Amino acid sequence: MTNLVVIGAGAAGLLMAALSAGNGASVIVIEKNEKAGKKLYITGKGRCNITNACDRDEFFENIVTNNRFMYSSFGAFNNYDIYDLIEGLGVPLKIERGQRVFPESDKSADVVNALVKMCRNNGVEFKFGKTVKEIIYDDKLGVKFAVGVRLSDGQLIEAENVCIATGGLSYPTTGSTGDGYKFASSAGHKITACYPSLVAFKTKEKFVKELAGVSPKNVSVTIKKDGKTLYEAFGEMLFTHTGVSGPVILTASSVVGVNAVGAVLSIDFKPALDESVLEERVIRELSEEPLRQLKNVIRKLLPASMVPVFIEKAALNPEKQASNITKEERRMIVGLLKNFTLTISELCGYNEAIITKGGVDVKEINPKTMESKLCKGLYIIGEVLDIDALTGGFNLQIAWSTAAAAARAVSAEL
């Protein structure tokens with residue numbers, strides 16, 4: 001018998017285990033991988049974007065789904081609390097552009113190792129390479145209780161409390177294969193529709209392959225479908241071999257989701273200039289070197305690697321001299337610079353998605369404790385919940401805050 005079994009040794013699971021054990025609970029963490037924090041290792045491109053140093057209002061503005069659910073847990077354990085905790089574990093932190101918080105070392109391993117060390121110092125027992133088959137429940141006077149777990153090898157571990165911290169479906173190679181949804185469902189929980197989020201788009205146009213690696217900055221992006229604007233943003237994007245990615249696109253996938261499929265993506269490469277001003281600039285570029293070929297003039301307006309595709313999309317002759325460009329052709333250039341369109345064919349899959357959108361319905365979870373409203377002693381935290389946010393450390397903060405809330409609740413019952 002143990003006070004707490006935590007299923008999953010990711011960000012949320014490690015913190016809950018460490019804090020609960022630090023408050024006197026006996027804790028066992030079960031992890032299907034051979035080591036802890038496998039997904040945490042690759043967050044922030046291997047640097048671990050721990051949290052965001054923004055204020056409270058901005059934090060909630062960046063939570064896309066069910067931000068009100070986070071009021072209590074974030075209020076009790078916020079971005080500054082995890083900042084102080086990680087630094088207190090001997091990992092110096094720094095704040096970068098966009099208020100993103102990273103280890104000074106730029107090594108996510110430092111964060112994982114510090115959390116694992118905290119767990120071990122507090123007496124947490126790890127069972128690596130073990131898979132939970134099911135959560136064991138007991139009905140007492142009509143109330144369902146979580147009383148332990150059964151492993152795939154048949155071993156039964158009895159516990160006063162069980163915590164689901166398995167993550168979602170994104171990056172399944174790290175162990176996020178949706179087990180938590182199955183466990184929550186077995187307790188009667190509703191699982192909202194899940195799909196990849198913070199992920200790139202694939203496009204119908206195959207010419208994007210020729211633009212792979214091009215990263216236009218300071219562009220304006222609009223997504224429209226059936227005459228309705230679904231999304232508008234300004235920032236940086238990236239062309240890939242199959243479509244588009246980059247900050248403004250990842251955010252779009254979170255805001256628009258599967259509704260983006262079939263929509264038209266419009267890129268304005270010169271958002272600071274209206275069409276008349278841009279046309280004046282194009283006229284100037286053409287007149288300054290009238291003998292230059294069009295393809296060389298366009299290089300002054302776009303990255304060189306984009307020029308061949310741009311001219312082909314405009315149906316222009318790249319060898320044509322600037323002095324011979326007609327008024328209609330000039331306006332075609334201006335129009336395409338202001339409205340370069342692509343058709344979104346699909347979202348990329350979970351293998352590329354930073355997070356999962358959807359999950360355990362938060363209406364069935366106590367927001368102050370993360371305890372199930374359907375089953376006593378069952379706690380659900382982190383990405384497995386139907387809460388998601390934009391990039392910038394916000395999703396990890398959701399993991400930290402929900403884990404701390406659950407740890408407090410378990411500790412209070414000891």
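This is a predicted model: local features need pLDDT of at least 70, side-chain atom pairs count only at pLDDT 80 or more; totals for chains, interfaces and linings use all residues.
Stepping back, β3 and β6 are part of an open sheet of 3 strands, ordered β3-β6-β5, with antiparallel pairing. The edges of this sheet are β3 (51-52) and β5 (93-95), each of which pairs on one side only.

## The seven-stranded sheet

Another open sheet holds 7 strands, also paired in the antiparallel sense, and its order is β14-β13-β17-β18-β12-β16-β15. Because β14 (228-235) and β15 (238-239) each have a single partner strand, they stand at the edges, and one side of each has no neighbour in the sheet.

Within this order, strand β17 (residues 264-268) and strand β18 (residues 340-347) are antiparallel and linked by 4 bridges. Here you can find isoleucine 267 opposite phenylalanine 340 in β18.

## Helices across the strands

Which strands does helix α7 lie across? Helix α7 (residues 247-256) lies across β12 (201-203), β13 (219-225), β14, β16 (243-245) and β17, and it runs at about 150° to β14. As for α11, this helix lies across β17 and β18, at about 110° to β17.

## Where α8 meets α11

Helix α11 (residues 327-338) also packs with helix α8 (residues 275-288): the angle is about 125° and the axes are 10 Å apart. That angle is why α8 counts as oblique to α11. The crossing of the two helices is right-handed.

Which residues make the contact? From α8 come Glu275, Leu278, Glu279, Val282, Ile283 and Leu286, while α11 supplies Arg330, Arg331, Val334, Leu337 and Lys338. Sorted by class, the contact of α8 with α11 has 6 nonpolar and 5 charged residues, with no polar ones.

## A closer look at isoleucine 63

Is isoleucine 63 buried or exposed? Its relative accessibility is 4%, and since buried means under 20%, isoleucine 63 counts as buried. You will find this residue in strand β4 (residues 63-65).

Setting aside neighbours within four places in sequence, isoleucine 63 is in contact with Met70, Ile387, Asp388 and Ala389. For another reference point, take proline 92, which is 29 residues from isoleucine 63 along the chain: the C-alpha atoms of the two are separated by 26 Å.

Conventions:
Residues are numbered from 1 along each chain as its sequence is written. Side-chain values use heavy atoms; hydrogens and water are left out. Axes are lines fitted to C-alpha atoms, for helices over the stretch in contact, and angles run from 0 to 180 degrees between N-to-C directions. Angles under 35 degrees count as roughly parallel, over 145 as roughly antiparallel, 65 to 115 as roughly perpendicular and the rest as oblique. A crossing is left-handed if the near helix is turned anticlockwise from the far one by less than a right angle, and right-handed if clockwise. Contact means heavy atoms within 4.5 Å. Ala, Val, Leu, Ile, Met, Phe, Trp, Tyr, Cys and Pro count as nonpolar, Asp, Glu, Lys and Arg as charged, and the others, Gly among them, as polar. Buried means under 20% relative accessible area, exposed over 50%, partly exposed in between (1.4 Å probe, protein chains only). Two strands pair if DSSP finds at least two bridges between them.
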